[in-house]
Amino acid sequence: MTETSKTHVILLSCGSFNPITKGHIHMFEKAREYLHQTGRFIVIGGIISPVHDSYGKPGLVSSQHRLTMCQLAVQSSDWIRVDPWECYQETWQTTCSVLEHHRDLMKRVTGCILSNVNTPSTTPVIGQPQNQTPPIYQDHNDMNHKPTAIKLWGKISENLGKICCVRPNMERFTFVELRILLLCGSDLLESFCIPGLWKDSDMEVIVGDFGIVVVPRDGVDTERIMNHSSVLRKYKENIIVVKDATNHPMSIVSSTKSRLALQHGDGHVVDYLSQPVIDYILQSQLYINTSG
């Protein structure tokens, strides 16, 4: 397949990131590597979207800290970015609404329409936004510190611009398929099977309209999980399970293990968290005297 005939993908990961671990970054890297190996996809960007403070999870530190830690964790990445939109809202947002927000934002910034899984379409990729007044995140109290959509999407727009092709008349643009996929671990996939935890309508949109990429933990039977849910069975073709022949140690790293290691002064915390994140945690005295 040529570059323009492949589906161009943005990977979006939602979660607490309390704190963000090497495992989270490993998940992005493994997903991108696998999608490229299939020969059907080109990953042009990754988005980390930390959950709102009102999510109510015990031991959840403030979004200010979690955003900073996420930014430190990806500071050397040329394709993964941290998005603060969820944290800046007045209340907690569903995963479905976060996906829809980024789909709408991407449409406004790039000027193209993102295709759904069930209604794929080839759309023109335009290097510059059609809208001359790009959207700005809705907190006007501290606009100097809160990025505009153009700043957040600068790298992705740049990548999209690289595949533009100016041609005369009707062939002015290069046409590609562009999609946002939810990136998650097998624990989130398994949560879809818990009665009442997810709205059926949200699951239909997440799996049916967008699609998901799952990076399983060691020993997890994703086939069994998918067969346990009627919605997952219905949209099984929209679920991409990342296959890896090796058991990578990052696949068992978790935020919970990281917090426990910090509380107990366990030196293995360096295996779980990047050094800039550890330094920030120690400087800010996070997790040290908390439980959970």
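Visitor: Is tryptophan 198 buried or exposed?
Guide: This is a predicted model, in which local features need pLDDT of at least 70, side-chain atom pairs count only at pLDDT 80 or more, and totals for chains, interfaces and linings use all residues. Residues are numbered from 1 along each chain as its sequence is written, and side-chain values use heavy atoms, with hydrogens and water left out. Buried means under 20% relative accessible area, exposed over 50% and partly exposed in between, with a 1.4 Å probe and protein chains only. Because tryptophan 198 has a relative accessible area of 17%, it is buried.

Visitor: Which kind of aromatic pair do phenylalanine 192 and tryptophan 198 form?
Guide: Rings of Phe, Tyr and Trp (its six-membered ring) pair if their centres lie within 6.5 Å, and planes under 30 degrees apart count as stacked, over 60 as edge-to-face and the rest as tilted. The ring centres of phenylalanine 192 and tryptophan 198 are 4.6 Å apart and their planes stand at 70°, so the pair is edge-to-face.

Visitor: Where in the chain does tryptophan 79 lie, the partner of phenylalanine 28?
Guide: Helices (H or I, at least four residues) and strands (E, at least two) are DSSP runs, numbered from the N terminus. Phenylalanine 28 belongs to helix α1, and its partner is 51 residues apart from it. Tryptophan 79 is in the loop between α2 (63-73) and β3 (80-82).

Visitor: Which residue follows helix α8?
Guide: Helix α8 spans residues 200-210, and its buried residues include Asp202, Met203 and Phe210. The residue after α8 has a positive phi, near 100°, and is glycine 211.
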